[in-house]
Each structure stands twice: as structure tokens, then as C-alpha cells.
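Work through the exercises below with the model open. Each solution goes step by step.

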Amino acid sequence: MRRIFTALPGVQVLFSFGHKYDLGAEEMYSDPGFLRHASNVTNLLDKSVNMLINNSTAPLLAILKAMGSRHVGYGLKSEHYPVIGESLIETLRGIVADQFTEEVEVAWVMIFGVISSAMLEGAKEAEAADDSSEESCNLKEIA
């Protein structure tokens, strides 16, 4: 996540722990909220890989769409997803170094593609629901 905050400094404030620290402050990375979020992301990646391996795509996509919907409320934008994906790949490359072959990279790009596509679909549905809800309210005010 450090790479995300470096690439997209404005997203730090989208996190509950982000408001407590100056931009990129080192102590933020030991904050319990940061550690919990990092653990949740790791668990999501693990669950996604396992569900894809086991051909459990329908439940996985439902989970990811719901997450995408929730993340709209946190302020995550569609343009953030590619940067998050690039940050994930760079982080993985740094962790496994020599074992991060071209094939491994392609696999992770595909996995993140599934994750981000489903989350973006959920986000678009949430935004559309918000728009239609706003239109409903505006029509009631006119009537």
C-alpha cells in the first residue's frame, strides 16, 4: 500500500487511519487500522486466487461487486484502479524478486483484472443507483 500512497497521495485521506498522519508519514504504516486493512487486502487476494483456482467465480464476483459498491462510498474512483494494480504488481515483484517471472506477472495481472473489473462493475451499479435515487428525489421536489 505504500506504493499506492506514493503514486496517488490524495487517496491517503480516503482511509480511516489516513487522516491521522501527514502524507506518507512512516508511523502510519504501523497504525492498527493500516495493518488491518493490509491484512484484509492480503486475505482478499488469497481468497480470490483460491476461488479462481476452484472455479468458484460466481460467488467471487458477487463479493467483489459488493466491495466495489462499498468503495464508491469511500471515495475510490475508477482511475485509481490501474494505479492500484500497478502498485500490487510492483510490490509482488519486490517481495518474490527472482521468482517473479513473466508468467507470474501475467497471472497476477489477470487476477487483478478479474478483481478490478468486478469491483468497477459494482461501483458503476452503485453510482447508477445513486443517480436514479437523486433523480427520484428531484422529481418529488418538483411535484
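**Exercise 1.** Find which residues Met 119 touches, leaving out those up to four places away in sequence.

Solution. Take contact as heavy atoms within 4.5 Å. Met 119 then touches Leu 64, Met 67, Gly 68, His 71 and Tyr 81. The model is predicted: local features need pLDDT of at least 70, side-chain atom pairs count only at pLDDT 80 or more, and totals for chains, interfaces and linings use all residues. Residues are numbered from 1 along each chain as its sequence is written, and side-chain values use heavy atoms, without hydrogens and water.

**Exercise 2.** State how many residues the largest nonpolar core has and which have the most contacts inside it.

Solution. A nonpolar core joins buried (under 20% relative accessible area, 1.4 Å probe, protein chains only) Ala, Val, Leu, Ile, Met, Phe, Trp, Tyr and Cys residues through side-chain atoms within 4.5 Å. The largest has 18 residues, and Leu 64, Leu 88, Trp 108, Ile 115 and Met 119 have the most contacts inside it. Elements giving two or more residues to this core are H2, H3, H4 and H5; helices are DSSP runs (H or I, at least four residues), numbered from the N terminus. H5 gives the largest share of this core, six residues. A second, separate core of twelve residues includes Leu 8, Val 11, Ala 25 and Tyr 29.

**Exercise 3.** Check the length of helix H4 (residues 80–96).

Solution. The expected span is 1.5 Å times one less than the number of residues. For the 17 residues of H4 this should be 24 Å, and the end C-alpha atoms are 25 Å apart, which agrees. Just after H4, Ala 97 takes a positive phi of about 40 degrees.

Conventions: Buried < 20%, exposed > 50% of the residue type's maximum accessible area, 1.4 Å probe, protein only.
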